[in-house]
Structure formats: structure tokens, C-alpha cells
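Hello,

Here is the structure I promised to pass on to you. Have a look at it first, and then read on for what I found in it.

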Amino acid sequence: MAKKVTFERRPLIAGNWKMNLNHLEAIALTQKVAISLTEEQLALVEVAVIPPFTDLRSVQTLVDGDKLHLVYGAQDLSPHDSGAYTGDISGSMLAKLGCTYVVIGHSERREYHHEDDTVVNAKVKAAYKHGLTPILCIGERLDVREAAGHVPHCTAQLDAALAKISAEQVASIVIAYEPVWAIGTGKVATPEDAQEVCAAIRTRLAEKYSPEIANGIRILYGGSVKAKNVAAIMAQPDVDGALVGGASTDADEFATIARFPEHATAS
Ligand SMILES: O=C(CO)COP(=O)(O)O
């Protein structure tokens, strides 16, 4: 029996599959996640899958056909609308596939594809232009954390990504704080580490826009989130969800993460 829990902002548990699972595996995983969660659980917590581009049509067909209470999104988009950009996928293509979200500025894109703040900002603008909600990723590398520069680093990334983004647009954004040193390493940030930066992000949003807008924006934590540590992270007042990598490709583990309000330590 689910405990009665209320949240200031509806939590979002999003599974970033990264470059894993073909379209057949995507159908199997999405189906399994959906049947592992009740309508009540999915009303309390928003659950999103973020598969590779090649899986999106299959996920759309499944979600629409079976009226699943799941949403989905893409891991990236082009800053351009259309044209001679070989290999790019536009925001309008993603919108046509029913995507709700698009991940922008993931540290793996920044590192392996040399995406700088200008590109990230252009992608945020492209997402809004096509009616997609950005899940904007920011986070520091280990050297920055060790030099205690993590908060200014993250707020600077936030400022750059949101250049010329209006208050009306930003109200729907999702921010994901993903410390690079915690991604795929098993080194999860402590709940206090996550809270410190998520609170600083909210304060910065309040300064840039307004306290009301900042209070409505969901800020996720990402980096080695598992069923065993999610409740303690989610208990932090400024953490509104999780962007889950590795653990999101295991349906049972991901569904257990999404049921975090029922975990003992969340009480
Ligand atoms: O990068 C991440 C989600 O976008 C986090 O990945 P892991 O959960 O595998 O550490």
C-alpha cells in the first residue's frame, strides 16, 4: 500500500538509456516498466524513458497504442530546424514522434562531441521552438569539485545555457545536476552534495527570473542513482527527481527507483 506522500513539485524519474538497447529491446523494457507500476504510482511520480533516436518510433507506438502512463524523450537534438546537417535530428522530428522531453548538454555530449555553452544554448532555444521540454544537464568535473568550485561552475553553466531564454519559456524547464565524477562510476554524490548544488541552482533561477518561477522548476540529480540510494537523495528539499543512466536499462531496478515514495528511508 502506497504511503500518502505529497510533493511541492511532481517528481520526475527519467531513464537515460544512453547508447543501449535496439528497438525490440526498447519495446520489451518499456512494457515491463509500465506493467511494474500502478496508475496511482504513475500519478504521483512522472516516469520518462529517454531511449536512442532509433527506438523512439517503437516507443511512441507502444505508449500510444496501449495508452501507457509513461512519457518519453530524446537524448539530444539539432540546433538547426532542417537542411544539410548530415546525422542531425531536428526538434520538429522529435515533436512529431510525440517526445515530451529532450536531454540537452549531457556531459557525454559536452566531452565527446565538444558541445560548448553556445551550442547548448542554441539547442535549448531549438527545443522550445518545437514545443519540447529541455532536460538541461549541468555539472562539474572532479578537479572542479576538489577545488571547491562546483557551485560557481554550475551556476555559470546555467547562465550560459539560459541566455535569452524568457521567463515564460524557462518555467517548464527541467534542470539535471549531474556531477561528472558520479556518472557511471558508482560514486554517488551524498544527498547533502546534491542538495547544495540543487539549492544553488534554484537560488540562481530565482535571481534571474523570479522566486515563483524558480519554485515551480524541477531540478533532478543524476549520477549512479540506484534503487538503494534514491530515497535519501529524493528526501532533499530541492531535489525533484532523478536522471538515471545505467540502472534505467534494468526494468525492475528502474521501476523500484520510480516507487521511491514507498521506500522506508523516504518517510
Ligand atoms: O549520466 C547519467 C544520466 O544522464 C547518469 O548515469 P549513471 O546513472 O549510469 O551514473
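Before the details, one convention: helices (H or I, at least four residues) and strands (E, at least two) are DSSP runs, numbered from the N terminus. Please also keep in mind that this is a predicted model.

**Overall picture**

The protein has 13 helices and eight strands. Its radius of gyration is 17 Å, close to the 18 Å that the globule rule gives for 267 residues, so the protein is as compact as a globular protein of that length. Along the principal axes, the C-alpha atoms fill a box of roughly 50 × 40 × 35 Å. Of the 267 residues, 43% count as buried. If we take the contacts between residues at least 6 apart in sequence, 73% of them join residues at least 24 apart.

**Around the ligand**

I expect you will go to the ligand first. It is surrounded by 14 residues, and the closest are Asn 16, Ile 183, Gly 222, Gly 245 and Gly 246.

An unreviewed UniProt entry lists Asn 16, Trp 17, Lys 18, Gly 184, Ser 224, Gly 245 and Gly 246 under "binding site". These positions are spread over 231 residues of sequence, yet they cluster in space, with a largest C-alpha distance of 13.7 Å.

**Two of the listed residues**

Gly 245 sits in the loop between strand E8 (241–244) and helix H13 (251–258). Is Gly 245 buried or exposed? Gly 245 has 22 other C-beta atoms within 10 Å, and because 20 or more make a residue buried, it counts as buried. Leaving aside neighbours within four places in sequence, Gly 245 is in contact with Asn 16, Lys 18, Ile 183, Gly 184 and Gly 222.

Ser 224 belongs to another loop, the one between strand E7 (218–222) and helix H12 (230–234). Ser 224 is buried too, with 20 other C-beta atoms within 10 Å. With neighbours within four places in sequence again set aside, the contacts of Ser 224 are Ala 182, Thr 185, Gly 186, Lys 187 and Val 188.

E7 is mostly covered, as five of its five residues are buried. Arg 218, Leu 220 and Gly 222 point one way from E7, while Ile 219 and Tyr 221 point the other way.

What does E7 pair with? Four bridges join strand E6 (residues 174–177) to E7, and the two run parallel. Within that pairing, Ile 175 has Ile 219 of E7 as its bridge partner. E7 and E8 also run parallel, joined by two bridges, and here Tyr 221 stands opposite Ala 242 in E8.

Ala 242 deserves a look of its own. Ala 242 counts as buried, because it has 28 C-beta neighbours inside 10 Å. Beyond its neighbours within four places in sequence, Ala 242 is in contact with Ile 13, Leu 220, Tyr 221, Gly 222, Val 225, Val 230, Ile 233 and Ile 257. Ala 242 and Gly 15 are 227 residues apart in sequence, but 8.3 Å apart in space, C-alpha to C-alpha.

Best wishes

Key. Residues numbered from 1 in each chain as written. Predicted model: local features only at pLDDT ≥ 70, side-chain atom pairs only at ≥ 80, totals over all residues. Near = placed C-beta within 6 Å. UniProt positions renumbered as here; feature names shortened; annotations may be inferred. Buried ≥ 20, exposed ≤ 12 C-beta atoms within 10 Å, placed from the backbone. Contact = placed C-beta atoms within 7 Å. Pairing = 2+ DSSP bridges. Rg over C-alpha atoms; globule rule 2.2 N^0.38 Å.
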